[in-house]
Amino acid sequence: MTNREYLNTLPNDKFTNLVLAKASELEEKNFNSELDIFDITDGTSLDFEQWLGEEHTESE
């Protein structure tokens, strides 16, 4: 089961919390004061799409 499939099994509140937590984690990872907001956002978006396609593990 991918992360995307797992998210679809969650109730709305848990879905929202997990998506926001992962997005925040990826934004922190991609933050670089040398980049502009569009580069940070694009990097985060690409990483999020990749994460959605990965196999889900219970540690997340």
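Three salt bridges are found in a search of the whole structure, a salt bridge being a side-chain nitrogen of Lys or Arg within 4 Å of a carboxyl oxygen of Asp or Glu. The structure is a predicted model, in which local features require pLDDT of at least 70 and side-chain atom pairs count only at pLDDT 80 or more, whereas totals for chains, interfaces and linings use all residues. Residues are numbered from 1 along each chain as its sequence is written, and side-chain values use heavy atoms, with hydrogens and water left out.

Helices α2 (residues 12-30) and α3 (residues 37-53) have axes that come within 9 Å and cross at roughly 130°. Helices are DSSP runs (H or I, at least four residues) numbered from the N terminus; axes are lines fitted to C-alpha atoms over the stretch in contact, with angles running from 0 to 180 degrees between N-to-C directions. The two helices are therefore oblique to each other, since angles under 35 degrees count as roughly parallel, over 145 as roughly antiparallel, 65 to 115 as roughly perpendicular and the rest as oblique. The crossing of α2 and α3 is right-handed, meaning that the near helix is turned clockwise from the far one by less than a right angle.

In the contact (heavy atoms within 4.5 Å), residues of α2 including Leu18, Lys22, Leu26 and Lys29 meet residues of α3, among them Ile40, Asp47, Phe48 and Trp51. The residues of this contact divide into seven nonpolar, three polar and four charged; Ala, Val, Leu, Ile, Met, Phe, Trp, Tyr, Cys and Pro count as nonpolar, Asp, Glu, Lys and Arg as charged, and the others, Gly among them, as polar.

Aspartate 47 lies in α3 and lysine 29 in α2, so the pair ties together parts 18 residues apart in sequence. Aspartate 47 is buried, at 18% relative accessible area, while lysine 29 is exposed at 55% (buried, under 20%; exposed, over 50%; partly exposed, in between; 1.4 Å probe, protein chains only).

Lysine 22 and glutamate 25 form a salt bridge of 3.1 Å, N to O, with both residues in α2, three residues apart, about one turn of the helix. Lysine 22 is buried at 15%, and glutamate 25 is partly exposed at 44%.

Glutamate 49 forms a salt bridge with arginine 4, with the closest N and O atoms 3.3 Å apart. This pair links distant parts of the chain, 45 residues apart, with glutamate 49 in α3 and arginine 4 in α1 (residues 3-7). Glutamate 49 is partly exposed at 46%, as is arginine 4 at 42%.
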